[in-house]
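Subject: Structure handover

Hello,

Here is the structure I promised to pass on. Please open it beside this email and follow along.

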Amino acid sequence: MKAIVKGLIIGLIVIVIGAAILITALALNGWTFKKPEFVNQTFTATEDNTVIKIDVGAGAVKTEFYDGDKIQIDYPSATVFTTEINEANGVFSYKSKIKWALFWKTWSIPDTVIKLPQNVIFDLDFEVNAGTVNVASGSYGKVDIEVNAGTLTVNSSDCSVFKCDVSAGLLSVNDVSCDSFDCEVSAGKLDVSALKCPDIKADVSAGTIILGIDGVKAEYTISASKSAGSCNVSNQTGNTEKSLRVEVSAGSINVNFSN
């Protein structure tokens, strides 16, 4: 009996020492058990940028237009939430990520707000790995979006080229007008409504695409290829030069025309 008790005591001591070492190591590497204190900061660009490059690893980001002549960003900062802001060669970039913290999803990270001059047409290059992004309604040049997790929303906008890649999470696109629309979904979901575009390409290897087109189905030449999954459109020859190309290797795509 004494041997058992002694063994239990030794085991308990080893566990306590191990836990202490683990906590110390985590603390040295940026982990925390406390709710972080966020400080709001503001950065104003000094260059005339025309490309916005955003990499979101946590939190909520939104863009909006304002009367200023330079990009301005209001963003939170904390010991466990890091941000990188740079501008060079016409590109304004912002990146956020979490330094691992226990139960970090239970705290609220203040919003990041990116204010854009109203008189500039920006190219957008957005990557979402967690969190949410809301893109302001407006006119843009090229739009390139990658969603690996989290949610990104684009409403009531026009652009020249809209390209997107969804590997997880949700991309929601509503009332967008563009010259070409090219989307690829390998997992997750792409939800499109009221799309106005003469050249549309959709590729689904897994996941789901809901594609709502503001137009007449008869106007589109449709090329549909399916090896697995589901697709509700088939090949047809349209009466205009508009085209829709669909490829499904798994997952599903549901295409709906307004007329």
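How many helices and strands does the secondary structure of the chain come to? The answer is 1 helix and 19 strands. Helices (H or I, at least four residues) and strands (E, at least two) are DSSP runs, numbered from the N terminus.

Some ground rules. This is a predicted model, where local features need pLDDT of at least 70, side-chain atom pairs count only at pLDDT 80 or more, and totals for chains, interfaces and linings use all residues. Residues are numbered from 1 along each chain as its sequence is written, and side-chain values use heavy atoms, with hydrogens and water left out.

**The whole chain**

The chain has 259 residues, and 37% of them are buried. Buried means under 20% relative accessible area, exposed means over 50%, and partly exposed is in between (1.4 Å probe, protein chains only). The chain exposes about 13400 Å². Carbon and sulfur atoms supply 54% of that area. Accessible areas come from the Shrake-Rupley method with a 1.4 Å probe; for residues, only the protein chains shown count as cover.

Now contacts, meaning heavy atoms within 4.5 Å. Take those in the chain between residues at least 6 apart in sequence: 44% join residues at least 24 apart.

**The core**

A nonpolar core is a set of buried Ala, Val, Leu, Ile, Met, Phe, Trp, Tyr and Cys residues joined through side-chain atoms within 4.5 Å. The largest one here has 63 residues. I145, L152, F162, F181 and L244 have the most contacts inside it. Strand β12 (residues 170-185) gives the most to this core, with 7 residues.

Look at I145. Leaving out residues up to four places away in sequence, I145 touches F126, L152, V154, F162, K163, C164, D165 and L171.

V173 lies in strand β12. Is V173 buried or exposed? V173 counts as buried because its relative accessibility is 1%. Beyond four places in sequence, V173 is in contact with V154, F162, L190, D191, V192 and S193. V173 and L190 are 17 residues apart along the chain, and their C-alpha atoms are separated by 7.8 Å.

**Empty space**

Rolling a probe the size of a water molecule over the atoms shows where empty space is left. The search uses a 1 Å grid over the protein atoms alone. A cavity is a set of points where a 1.4 Å probe fits but cannot get out. A pocket is an open set with protein on both sides within 12 Å along at least five of seven lines. Lining residues have an atom within 4 Å of a point. Grid points are joined across faces, edges and corners, and a volume is the space filled by probe spheres set on the points.

The count comes to 1 cavity of 30 Å³ or more. About 50 Å³ of space lies in the largest cavity. β10 (140-147) and β11 (151-166) each give two or more residues to its lining. β11 gives the most, with 5 residues. The lining divides into 9 nonpolar, 1 polar and 1 charged. Here Ala, Val, Leu, Ile, Met, Phe, Trp, Tyr, Cys and Pro count as nonpolar, Asp, Glu, Lys and Arg as charged, and the others, Gly among them, as polar.

The largest pocket has a volume of about 210 Å³. Of the 15 residues that line this pocket, K53, I54, D55, D125 and E127 are the closest to its centre. The pocket lining divides into 4 nonpolar, 2 polar and 9 charged.

**Single residues to check**

- N89 is in the loop between β5 and β6. Its phi is positive, about 55°, although N89 is not a glycine. N89 is exposed, with a relative accessible area of 80%.
- S156 is found in strand β11. Its phi is near 45°, a positive value in a residue other than glycine. S156 counts as partly exposed, at 36% relative accessibility.
- A78 lies in the loop between β4 (72-77) and β5. A78 is buried, with a relative accessible area of 13%. Setting aside residues up to four places away in sequence, A78 touches P36, E37 and F38.
- A224 lies in strand β16 (residues 220-226). A224 is partly exposed, with a relative accessible area of 24%.

Best wishes
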